[in-house]
Amino acid sequence: MTKEIPINQVICTTKNNYAVLENEQPTTDVSDPPTHSTPKIKPVMMKITKNYNLILQEINQKYPAKVNKATGDWIKIQCATSDDHREISNSLVQKKIEHWVVDPIANRHIKVVIKGLPASTTVDEIEHDLKEKRVAVEKIAQLCKFKTQAPLHIFMVEVKRVENATDIYDIKVVCFISVTIDLFRRKPGVKIML
């Protein structure tokens, strides 16, 4: 004989591991890190010289929060703050210690390539045309094959990072010829003719 049980008295015994989440309210943790990241500080690369350890000792006394790593013939000095970066760089300049720093992106030129022009087009013709289109041209160079030195129909253009610098991507015609303009990426087997 079968006995009927009212539905409100039935207990379900399935193993649903996520069932507890249905009733859980979302919480916000004030300790969560912000979603934006702070820009990474570029390292200072100092040439290893005879007295490099004395220079590092002096830097370490003033800026203990930085990290030094040897990479080949160079010491990579990773600064904790942009102020430390600037002060360490200035100190190395004053001491005439060979070093280099990577320019922040805001200071670097935009490098693009113009594809589709005849290889016989001169750099002066391209520069004149781009300047008429109000492009702040810094430098133009033609790319060539590395082994044969044969000029390619591709030109690398450095544009000053001014307010309308990215407008160069909107240009479709240079020297009365349809072109494509892309971000510059160095490829193996290609050399820049200066």
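This is a predicted model: local features need pLDDT of at least 70, side-chain atom pairs count only at pLDDT 80 or more; totals for chains, interfaces and linings use all residues.
Student: In the hairpin of β6 and β7, which residue takes a positive phi?

Tutor: The residue is Q149, with a phi near 60°, in a hairpin that has five residues between its strands. Residues are numbered from 1 along each chain as its sequence is written, and side-chain values use heavy atoms, with hydrogens and water left out.

Student: How are strands and helices assigned, and what does it take for two strands to pair?

Tutor: Helices (H or I, at least four residues) and strands (E, at least two) are DSSP runs, numbered from the N terminus. Strands of a sheet pair through backbone hydrogen bonds, in either a parallel or an antiparallel arrangement. Two strands count as paired if DSSP finds at least two bridges between them. Here, β6 and β7 pair in the antiparallel sense over six bridges. Within that pairing, C144 has P151 of β7 as its bridge partner.

Student: What is the strand order of the open sheet of four strands?

Tutor: Its order is β2-β3-β1-β4, with antiparallel pairing. Because β2 and β4 stand at the edges with a single partner strand each, one side of each is left without a neighbour in the sheet. From one strand to the next, the twist averages 20°. Between β1 and β4, the antiparallel pairing runs over three bridges, and M45 has W100 of β4 as its bridge partner.

Student: Which residues of α1 are buried?

Tutor: Burial is read from relative accessible area: buried means under 20%, exposed over 50%, and partly exposed in between (1.4 Å probe, protein chains only). In helix α1, residues 52–62, the buried residues are I55, L56 and I59. They lie on the same side of α1, because their arc around the axis is only 95°. That arc is taken from the directions from the helix axis to the C-beta atoms. The buried residues of α1 pack against β1 (44–47), β2 (67–71), β3 and α2 (82–94).

Student: How is an aromatic pair read, and how many does the structure hold?

Tutor: A pair of aromatic rings is described by the distance of the centres and the angle of the planes. Rings of Phe, Tyr and Trp (its six-membered ring) pair if their centres lie within 6.5 Å; planes under 30 degrees apart count as stacked, over 60 as edge-to-face and the rest as tilted. The structure holds one such pair. The rings of W74 and W100 have centres 6.3 Å apart and planes at 75°, so the pair is edge-to-face. Since W74 lies in β3 (residues 74–78) and W100 in β4 (residues 99–101), the pair ties together parts that are 26 residues apart in sequence. W100 is partly exposed, at a relative accessible area of 40%.

Student: How many salt bridges does a search of the whole structure find?

Tutor: Side chains of opposite charge can pair when their charged atoms come close. The criterion is a side-chain nitrogen of Lys or Arg within 4 Å of a carboxyl oxygen of Asp or Glu. The search finds eight. One of them joins K95 and E58 at 2.9 Å, N to O. K95 is in the loop between α2 and β4 and E58 in helix α1, so this pair ties together parts 37 residues apart in sequence. Both are partly exposed, K95 at 36% and E58 at 29%.

Student: Which residues are linked with E58 in a network of salt bridges?

Tutor: The network links E58, K62 and K95. K62 belongs to helix α1 and is exposed, with a relative accessible area of 55%.

Student: Where do K139 and E158 lie?

Tutor: K139 forms a salt bridge with E158, their closest N and O atoms being 3.7 Å apart. This pair links distant parts of the chain, with K139 in β6 (residues 137–145) and E158 in β7 (residues 151–159), 19 residues apart. K139 is partly exposed at 35%, whereas E158 counts as buried at 10%.

How values were computed. Contact means heavy atoms within 4.5 Å. Axes are lines fitted to C-alpha atoms, for helices over the stretch in contact, and angles run from 0 to 180 degrees between N-to-C directions.
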